[in-house]
Amino acid sequence: MELEQELQQEVLSCLDLSEELSDRELLERIDTILIREGKRRGISLRERTGYRKKLFDSFRRLDVLQELVEDDSITEIMVNGMEAVFLERGGMVHQWNRHFSSREKLEDVIQQMVARVNRIVNTSSPIVDARLEDGSRVNVVLPPVAPDGPILTIRKFFREAITMEMLIEWGSITDEAAGFLEALVKAGYNLFISGGTGSGKTTFLNALSRAIPSQERVITIEDSLELQLAIPNLVRLEARNANIEGEREVTIRDLIRTALRMRPDRILIGEVRGREALDLLQAMNTGHDGSLSTGHGNSPADMLSRLETMVLMGGELPLAAVRSQIASALDILVHLGRMRDGRRRVLSIVEVLGYEEEQIRCQPLYEYNPAEERGLEVVGILRNRQKWEIAGLPPL
């Protein structure tokens with residue numbers, strides 16, 4: 001590590017920070033120094049090749065993290081200050097044997113990440129969400145909110161589009177349940193996907209959205225662009241944080257209202273966390289059948305309760321009116337979970353029947369049964385068949 005830092009200083013000393021070097025020119029400077037220092041210090045050709053990549057990554061990419069970002073087997077990267085880097089692989093978390101050379105270097109990498117998506121993070125605004133070029137989700141927390149140093153978390157996504165067939169092969173869902181959900185999407189049922197952190201909600205939404213008919217106009221709304229939809233008539237909208245003066249913020253609520261004026265057939269919201277839940281329900285209740293969204297919840301019942309709370313944050317409404325709106329807007333809840341071995345599964349599929357006796361009535365359609373070889377067990381039959389029949393789907 002000391003030799004690597006010394007080589008970094010050698011490269012830095014020969015650079016004029018006022019000039020703009022191309023990647024090729026930077027590599028040529030690095031090669032010149034490695035040849036010179038290699039002869040003087042006895043660095044082997046194999047070691048030079050490794051140092052060449054590490055040095056280039058430190059100046060133009062994500063420094064020590066670049067190796068982890070390029071490793072498709074890693075699903076999450078957690079940086080707890082400059083000296084502690086953890087990674088998740090195969091559902092298990094391990095501490096990495098490398099770390100940043102300095103706090104300043106970690107801060108440089110963070111600023112490089114957020115600048116690419118026109119975000120700002122500093123001591124005045126110490127929390128920000130961003131994304132990498134490959135769509136990976138980035139969260140940053142800086143001091144003074146994080147007193148032990150900058151905290152960086154990267155949630156990686158698969159480079160290739162995940163299909164429902166792949167989820168079936170991995171055992172996340174059964175063939176029968178997958179076909180049922182895809183038919184519901186085609187028929188225009190409003191679906192809401194719930195689950196805990198890291199349960200695969202965005203991945204599942206991506207796979208499920210492939211069932212949307214290609215002739216429809218779809219608008220996606222997200223905090224940070226993550227959804228990867230293969231739809232010709234697709235509009236992608238991304239929220240924007242306030243600038244340094246605290247102005248010009250564009251919220252999820254703003255984007256939902258704008259989307260309603262863009263003639264959408266369906267609206268997909270990456271995740272609802274607050275007041276925008278009210279706008280989502282209004283969109284679902286005003287003719288935008290087939291809309292999809294996700295949210296954090298420990299169970300379908302917990303998700304409905306959290307939606308109530310989020311809607312109440314967005315407007316002063318009687319609880320009965322809120323529950324009636326939710327019951328009218330949502331048709332199906334899909335709940336995902338993460339097992340102890342790291343695998344992600346569909347745990348239940350629930351139909352929302354309506355609002356009666358001051359409660360939202362639901363019935364389970366599929367439930368995960370660990371004793372069953374197939375995993376998901378059929379426990380109910382779809383009652384609301386109007387959209388199903390209008391779409392001309394086969395009888396249930």
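Glutamate 358 sits in the loop between strand E13 (344-356) and strand E14 (359-368), where helices (H or I, at least four residues) and strands (E, at least two) are DSSP runs, numbered from the N terminus. The model is predicted, so that local features need pLDDT of at least 70 and side-chain atom pairs count only at pLDDT 80 or more, while totals for chains, interfaces and linings use all residues. Residues are numbered from 1 along each chain as its sequence is written, and side-chain values use heavy atoms, with hydrogens and water left out.

**Backbone features in loops**

- Glutamate 358 is not a glycine, yet its phi is positive, at about 65 degrees.
- With a relative accessibility of 57%, glutamate 358 counts as exposed (buried means under 20% relative accessible area, exposed over 50%, and partly exposed in between, with a 1.4 Å probe and protein chains only).
- Arginine 263, in the loop between helix H9 (252-259) and E10, likewise has a positive phi, near 55 degrees, in a residue other than glycine, and arginine 263 counts as exposed at 57% relative accessibility.
- The peptide bond from proline 143 to proline 144 is cis, with omega near 10 degrees, and proline 144 has its place in the loop between strand E5 (137-141) and strand E6 (151-155).
- As background, most residues other than glycine have a negative phi, and most peptide bonds are trans.

**The sheet**

- Nine strands, in the order E9-E8-E10-E11-E7-E12-E13-E14-E15, form an open sheet with mixed pairing, two strands being paired if DSSP finds at least two bridges between them.
- Strand E9 (234-238) and strand E15 (376-378) stand at the edges with a single partner strand each, so one side of each is left without a neighbour in the sheet.
- From one strand to the next, the twist averages 25 degrees, where axes are lines fitted to C-alpha atoms, for helices over the stretch in contact, and angles run from 0 to 180 degrees between N-to-C directions.
- Strand E7 (residues 191-195) and strand E11 (residues 292-296) run parallel and are joined by five bridges; leucine 191 has leucine 292 as its bridge partner in E11.
- Helix H8 (residues 201-209) lies across E7, strand E10 (266-269), E11, strand E12 (332-338) and E13, and runs at about 155 degrees to E7, contact meaning heavy atoms within 4.5 Å.

**Glutamate 160**

- Glutamate 160 lies in the loop between E6 and helix H6 (164-169), and counts as exposed at 51% relative accessibility.
- Between glutamate 160 and glutamine 228 there are 68 residues in sequence and 9.5 Å in space, taken from C-alpha to C-alpha.
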